[in-house]
Amino acid sequence: MGESVGYPPQPNVPPVRRIYSRTYRVWAHVLLWTPIAITVTGVVGGLGLFAVADADPTYGSSGLGYLGLVVWGALTVGSPVLLGSFSFADTPTTAGKHTYVIQLVGNSATEPAKTTHVVVVSQPSV
């Protein structure tokens, strides 16, 4: 009984790499870089609109400054949406440790993911 019974140890073989189609890789790059390009373009464009509005001594192009504010406001609202972030609100009614679990099931295009976050509440809000 001193010998272990079972499968032999696995050889030093690197893990199998997932193979993605060309279409998948192209769309992954498009979906990654489009929000970044939109954000950079908006920041630079807003700065340009501010500069043009500030350089005009007759105040004839002050509307461009307001347009720059609208562009930056749209970036403030749109960037988290474009980059895929989210938020939620919860008000625990009891003191103690509360664990939040975020889980993405995944599909044929995305791998599953899971993360947890622990929040310690010393005094619950009433």
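In which helix does valine 44 lie? In this predicted model, valine 44 belongs to helix α1, which spans residues 22-55. The relative accessibility of valine 44 is 54%. Because the threshold for an exposed residue is over 50%, valine 44 counts as exposed.

Two elements, α1 (22-55) and α2 (62-83), each supply two or more residues to the patch. Of the elements involved, α1 gives the most, with six residues.

The arrangement of these helices may be considered next. Two packed helices are described by the angle between their axes and by the distance between those axes. For α1 and α2, the packing angle is about 165° and the axes lie 8 Å apart. Since an angle over 145 degrees counts as roughly antiparallel, α1 is roughly antiparallel to α2. The crossing of α1 and α2 is left-handed.

A further residue of α1 is leucine 31. With a relative accessibility of 60%, leucine 31 counts as exposed. Leucine 31 and leucine 83 are 52 residues apart along the chain, and their C-alpha atoms are separated by 9.1 Å.

Definitions and conventions
Residues are numbered from 1 along each chain as its sequence is written. This is a predicted model: local features need pLDDT of at least 70, side-chain atom pairs count only at pLDDT 80 or more; totals for chains, interfaces and linings use all residues. Side-chain values use heavy atoms; hydrogens and water are left out. Helices (H or I, at least four residues) and strands (E, at least two) are DSSP runs, numbered from the N terminus. Buried means under 20% relative accessible area, exposed over 50%, partly exposed in between (1.4 Å probe, protein chains only). Axes are lines fitted to C-alpha atoms, for helices over the stretch in contact, and angles run from 0 to 180 degrees between N-to-C directions. Angles under 35 degrees count as roughly parallel, over 145 as roughly antiparallel, 65 to 115 as roughly perpendicular and the rest as oblique. A crossing is left-handed if the near helix is turned anticlockwise from the far one by less than a right angle, and right-handed if clockwise.
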